[in-house]
Amino acid sequence: MDVTLLQEVVNALSRDVERPVVLEDEDQQPIVHSPHYGQTDRMRRDTIMHKSTSKETVEYFRRYDLASRTEPFVVPGNERGVLPRLCVPLRYDEKLLGYVWVLLPDEEMSDDHRRAVERVREPLAETLWLDRLSRLREGRIVEDLLNDDHDRRLRGLVAVEAKHAFDAPARTMVLVAVGPGWAVRAARRAFVMQRWVADPASQLRLVDVDEGVAVVAHIASGRDAADGVLAGGLDLDALERSMGQINRVTDGLPVMLGVGPSVASPGALPRSHRRARQAATVALRIGPSKGFVSTWEGLGVYRLLVQLPRDALADGVDPRLVGLIQDVPEVAATLEVYLDGGGAVAAAADTLHIHRTTLYYRLEKVTEAGFDLHSGTDRMTIQVGFAALRLLGRWPA
């Protein structure tokens, strides 16, 4: 979407009518807004601050049956400080694409101002329609690139090679958004609205009922992904901010972003897509180490475990550990803290807020279960077992 063009149109309209203006999509989620111009209200400020329209605001306007409207109309204000607004439905070929909202502090609008609104109505609707068609084309290219069918993948490669942003020395990678919150339509729309890389020409997006996929091109960075700032040339902090905006509209249901490994050519994108999906799966099952973003490079032992079938994963856990968790879960919890801390007794006792004598007593129970905590093999068996059970949703108990 050419947000720059839409921003210019909205800013110009705001100057012409001398009032604040907001452009929203068909789900009432903001696309662009003008600067404040004169009087405003809390509803507008909250939408701009959070970059999303709250559920309460959407419900407030639902009583006016926005989706069936075809002509501009005024929504009255109320005694709780909501100002009147002119709502201008944007339709192209009878399809609803969005709304223009013009704040009306004085409930009046001159004929000249109404004509100014009418002049931008068709261009804005056409731009939104062209954006929808562009997204459909993007989605088809991504579907082809990731498809198992040889002919479809070849078609996708031909299409992406026509985009200069994906030329060498650029590398490519896949981002995957999944989770219970993905069922919320506004979350899917918010995914499309995000810029996953600075240059919009360097991204392709696909949104379906199961997941959101972004294929991005980037120039490899010299910085190490392990520093927690960059992965495959992407700014993880920027990804976190984008995912934070998406999760604001999901009613508390999480959406996680998996970041696949960077690959040298678009032909290897199915592998990056698979790894990105696995990274997101781990984040959903055990919780991400930070925020809403999980990178394949940062999964540690889960890179191996997430590739195993659930039955094989469960069968691979040492029965002695399973017995400890079932019989004395507080001992199992103590054991995990102790091993995660490198076997430092004082640190483990402080973390658990227990006396060292209690810690030694619980570790003795581990020995009685058949583990030798001086054995590197046993320590590895225990820690990998905890990771497997956490991935299975069986730990913490």
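Colleague: Are Trp-182 and Phe-191 buried or exposed?
Modeller: Both of them are buried. Keep in mind that this is a predicted model.

Colleague: And how do I describe a ring pair in general?
Modeller: You give the distance of the centres and the angle of the planes. Take Tyr-60 and Phe-61: their centres are 5.1 Å apart with 85° between the planes, an edge-to-face pair. Trp-182 and Phe-191 have centres 5.5 Å apart and planes at 85°, so they are edge-to-face too.

Colleague: Why do Tyr-60 and Phe-61 count as buried?
Modeller: The cut-off is under 20% relative accessible area. Tyr-60 comes out at 8%, so it counts as buried, and Phe-61 counts as buried because it is at 4%.

Colleague: How many aromatic pairs are there, and which residues form a cluster?
Modeller: There are eight pairs in the structure. Tyr-60 and Phe-61 belong to one aromatic cluster with Tyr-64, Tyr-99 and Trp-101.

Colleague: Which residue lies over the face of Phe-73?
Modeller: That's Arg-69, at 3.8 Å from the ring centre.

Colleague: Now helices. What do I read off?
Modeller: For two packed helices, use the angle between the axes and the distance between them. Here H1 (residues 3–17) and H4 (residues 111–145) have axes that come within 10 Å and cross at roughly 170°. Angles over 145 degrees count as roughly antiparallel, so that's how H1 and H4 run relative to each other.

Colleague: What sits at the contact of H1 with H4?
Modeller: By class, 10 nonpolar, two polar and one charged residues. On the H1 side you'll find Leu-5, Val-9 and Asp-16 among them, while H4 brings residues including His-113, Val-120 and Thr-127.

Definitions and conventions:
Residues numbered from 1 in each chain as written. Predicted model: local features only at pLDDT ≥ 70, side-chain atom pairs only at ≥ 80, totals over all residues. Heavy atoms only, no water. Phe/Tyr/Trp six-rings, centres within 6.5 Å; stacked < 30°, edge-to-face > 60°. Buried < 20%, exposed > 50% of the residue type's maximum accessible area, 1.4 Å probe, protein only. Lys NZ or Arg CZ within 6 Å of the ring centre and 35° of its normal. Axes fitted to C-alpha atoms, helices over the stretch in contact; angles between N-to-C directions. Helix = DSSP H or I, 4+ residues; strand = E, 2+ residues; numbered from the N terminus. Parallel < 35°, antiparallel > 145°, perpendicular 65-115°, else oblique. Contact = heavy atoms within 4.5 Å. Nonpolar A, V, L, I, M, F, W, Y, C, P; charged D, E, K, R; others polar.
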